[in-house]
Amino acid sequence: MRSKSSYENESNKISAKQSEVDSEGKLGKVVSPNSKEFLFICFLVTLWYSSNIGVILLNKYLLSNYGFKFPIFLTMCHMSACSVLSYVSIAFFKVVPQQMIKSRSQFIKIATLSIVFCGSVVGGNISLRYLAVSFNQAVGATTPFFTAVFAYLATFKREAWITYAALVPVVTGVVIASGGEPDFHLFGFIMCLSATAARAFKSVLQGILLSSEGEKLNSMNLLLYMSPIAVIFLLPAALIMEPNVVEVILALGRENKSMWLLLLLNSVTAYGANLTNFLVTKHTSALTLQVLGNAKGAVAVVISILLFRNPVTVIGMGGYTITVLGVAAYGETKRRFR
């Protein structure tokens, strides 16, 4: 017969195994959501990188390599897609709750932001006709410099001296990159710099105009209202400043049916870039977003060089590296010395 102690030992073993199963079950409940969230964020970041880099490369291909030399009309196509897809995603898919415009004053403010936004996008698209994507990204990385300047001029808000010091390599890097750019084009450079300044000005202006709690809009609702205003503004601008746009596009479409698919893909990708930017911002921290943003520019540069085979120099890449490091230092100092 089995002794009492053997029964006790067996009972203890069963209890131990049961506790292990329970602990594994609890552990699974703890780890699983975190793992799913991590995978979801990785998926979002991949989409964000793909859409942002994809729209830049498609813009470059259409404007420089395909014979589609109408940056204003291209921007209008982007804004048309954003108008339709923003409404569908908010009204039907409930990506975010819809925020209504509450006053005429708020509408005028949104219209003002829309015009500045148009200027930045059109300027960026024009610059891609003349500049390599790698150099375009280097100049675009100076956005924090213009943001700091406009913020100070508009609000007289001063940052810590070390934050401003971090902007020195941002500007120095672009100067070096300009000197080392084999295909430097002055007009393209001016347009790219203007687009970068307009982008920074829009972010500062948005903080000022839509500062009250009753008028604040999240980025998706702001895009919903800015996009149709932009289309209304861009359509006559395209017809006046690009007078033969309709005839040339129809001719290109007859010659190559894939142009319509490229234009549609480009426009949808432009909306995707805005949507994924909003979602990544929502699901990550400011520091993570900053690091990912800096890396995104570098990835875009590498891919563009591989695809378009544009010549680069050691000086040019060195200048771009200095700029990116300066942007990273600026973001870090701004975070620490708030």
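Visitor: Where is Arg309 found?

Guide: This is a predicted model. In it, Arg309 lies in the loop between helix H12 (286-308) and H13.

Visitor: Why is Arg309 called exposed?

Guide: Exposed means a relative accessible area over 50%. Arg309 has a relative accessible area of 69%, and is therefore called exposed.

Visitor: What makes the phi of Arg309 worth a remark?

Guide: Most residues other than glycine have a negative phi. The phi of Arg309 is near 55°, a positive value in a residue other than glycine.

Visitor: Where is Lys94, and what is its phi?

Guide: Lys94 is placed in the loop between helix H2 (71-91) and helix H3 (104-130). Its phi is near 55°, a positive value in a residue that is not glycine.

Visitor: How do you know whether Lys94 is buried or exposed?

Guide: The cut-off for exposed is over 50%. Lys94 has a relative accessible area of 60%, so Lys94 is exposed.

Visitor: Why is H4 called mostly covered?

Guide: A residue is buried when its relative accessible area is under 20%. In H4, eight of its eight residues are buried, and the helix is described as mostly covered. Among these buried residues are Val133, Ser134, Phe135 and Gly140.

Visitor: Which helices each supply at least two residues of the lining of the largest cavity?

Guide: They are helix H4 (133-140) and helix H13 (314-336). The structure holds one cavity of 30 Å³ or more, and the largest cavity has a volume of about 90 Å³. Of the 14 residues that line the largest cavity, the closest to its centre are Ser134, Phe135, Glu181, Gly316 and Met317.

Visitor: How do the residues of that lining divide?

Guide: The lining of the largest cavity has nine nonpolar residues, four polar and one charged. Gly counts as polar and Glu as charged.

Visitor: What makes up the largest nonpolar core?

Guide: The largest nonpolar core has 65 residues, and those with the most contacts inside it are Phe68, Phe73, Met220 and Leu234. Among the elements that give two or more residues to this core are helix H1 (4-65), H2, H3 and helix H9 (219-241). H9 gives the most, with 12 residues.

Visitor: Which residues does Leu234 touch, not counting residues up to four places away in sequence?

Guide: Contact means heavy atoms within 4.5 Å. With those sequence neighbours left out, Leu234 touches Ile72, Thr75, Met76, Met79, Cys118 and Val122.

Definitions and conventions. Residues are numbered from 1 along each chain as its sequence is written. This is a predicted model: local features need pLDDT of at least 70, side-chain atom pairs count only at pLDDT 80 or more; totals for chains, interfaces and linings use all residues. Side-chain values use heavy atoms; hydrogens and water are left out. On a 1 Å grid over the protein atoms alone, a cavity is a set of points where a 1.4 Å probe fits but cannot get out, and a pocket is an open set with protein on both sides within 12 Å along at least five of seven lines; lining residues have an atom within 4 Å of a point. Grid points are joined across faces, edges and corners, and a volume is the space filled by probe spheres set on the points. Helices (H or I, at least four residues) and strands (E, at least two) are DSSP runs, numbered from the N terminus. Buried means under 20% relative accessible area, exposed over 50%, partly exposed in between (1.4 Å probe, protein chains only). A nonpolar core is a set of buried Ala, Val, Leu, Ile, Met, Phe, Trp, Tyr and Cys residues joined through side-chain atoms within 4.5 Å.
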